Amino acid sequence: MKSARGRLYGVKRLLSAPRRAARRKGFGIHSPFAFDFVRRVIAQPCAYYAYSTIDREAKTTHGSRSRSRLLFRVSLYFRPKRIAISGNIDDSAKKALISGCSSAELKANCDADLWIINSEAMMPREELNRCIENGGTAVFTHLKGNRDRREKVTGIWHDHAHGMLFMGSDTAILVGLKHLPHQRFDVWI
């Protein structure tokens, strides 16, 4: 049985769906970086060269095709040197990350340029804050229905004076580039 607070949150998400869908196409986003990131990474309408391989791998490992594609585009966009993974992600997502940037090293927990945090994982707050402070990026997955994790993601974003948070219903992306203003965008990811 959902609490009154949970039902209210569900109604708010439902009512904000048209605005989030419009933002996914770039409407209402005035920051040049945010517009470019939403159009080229979050809501890319065109196919990439690795999609057929990613789709085939996701099908054989029973992973999420859309999540693997998103991680591929994030990796391709930022070209990280080190990728840290907290928690278990499927093999198709790991291969998608490497397909996006073949020179990147996959690590369990380290000083990284790109962090992937799964819902079961504890959020290594100190390491994440260091990553964001150094201009890194964090991708939080499996947030749907987990209000505490969503609040922790927002808390990590509030810890910094710079960076943009792109919050979807199941996934959030925190970009910590130092030249970016402190802004949050609720988008359809």
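## Chatting through a predicted model

User: How much of the protein counts as buried?

Analyst: Of its 189 residues, 47% count as buried. Keep in mind that this is a predicted model.

User: Okay, and how many helices and strands are there?

Analyst: The protein has eight helices and seven strands.

User: What share of the contacts with a separation of 6 or more comes from residues 24 or more positions apart?

Analyst: That share is 57%.

User: Let's talk cores. How many residues are in the largest nonpolar core, and which have the most contacts inside it?

Analyst: The largest nonpolar core has 27 residues, and Phe-37, Leu-97, Ile-116, Phe-166 and Ile-173 have the most contacts inside it. Elements giving two or more residues to this core are the helices α3 (32-42), α5 and α6, plus the strands β1 (82-86), β3 (114-117), β5 (164-167) and β6 (172-175).

User: Which element gives the most?

Analyst: That's α3, with six residues. As background, nonpolar side chains tend to be buried together in soluble globular proteins.

User: What does Ile-116 touch?

Analyst: Skipping neighbours within four places in sequence, Ile-116 is in contact with Leu-71, Ile-83, Ala-84, Ile-85, Ser-86, Ile-89, Leu-97 and Val-139.

User: New topic: α4. Which residues in α4 are buried?

Analyst: In α4 (residues 51-61), Tyr-51, Ile-54, Glu-57 and Ala-58 are buried. They cover an arc of only 130° around the axis, so they lie on the same side of α4.

User: Why would residues three or four places apart point the same way?

Analyst: Because an α-helix has 3.6 residues a turn.

User: And what's on the other side of α4?

Analyst: Arg-56, Lys-59 and Thr-60 are there, and they are exposed. The buried residues of α4 pack against α5 (65-78) and α6 (91-100).

User: Which residues in α6 are buried?

Analyst: Ser-92, Ala-93, Ala-96, Leu-97 and Gly-100 are buried in α6. Their arc around the axis is only 140°, which puts them on the same side of α6.

User: What do they pack against?

Analyst: The buried residues of α6 pack against α4, α5, β1, β2 (105-107) and β3.

User: Where is Asn-88?

Analyst: Asn-88 is in the loop between β1 and α6.

User: Is Asn-88 buried or exposed?

Analyst: Asn-88 counts as exposed, because its relative accessibility is 64% and the cut-off for exposed is over 50%. Asn-88 and Asn-118 are 30 residues apart in sequence, yet 6.5 Å apart in space, C-alpha to C-alpha.

User: Last one: where is Thr-137, and what does it touch?

Analyst: Thr-137 is in strand β4 (residues 137-140). Thr-137 is buried, with a relative accessible area of 1%. Not counting residues up to four places away in sequence, Thr-137 touches Phe-78, Asp-113, Leu-114, Trp-115, Cys-131, Ile-132, Ile-173, Leu-174 and Val-175.

How values were computed
Residues are numbered from 1 along each chain as its sequence is written. This is a predicted model: local features need pLDDT of at least 70, side-chain atom pairs count only at pLDDT 80 or more; totals for chains, interfaces and linings use all residues. Side-chain values use heavy atoms; hydrogens and water are left out. Helices (H or I, at least four residues) and strands (E, at least two) are DSSP runs, numbered from the N terminus. Buried means under 20% relative accessible area, exposed over 50%, partly exposed in between (1.4 Å probe, protein chains only). Contact means heavy atoms within 4.5 Å. The arc is that of the directions from the helix axis to the C-beta atoms. A nonpolar core is a set of buried Ala, Val, Leu, Ile, Met, Phe, Trp, Tyr and Cys residues joined through side-chain atoms within 4.5 Å.
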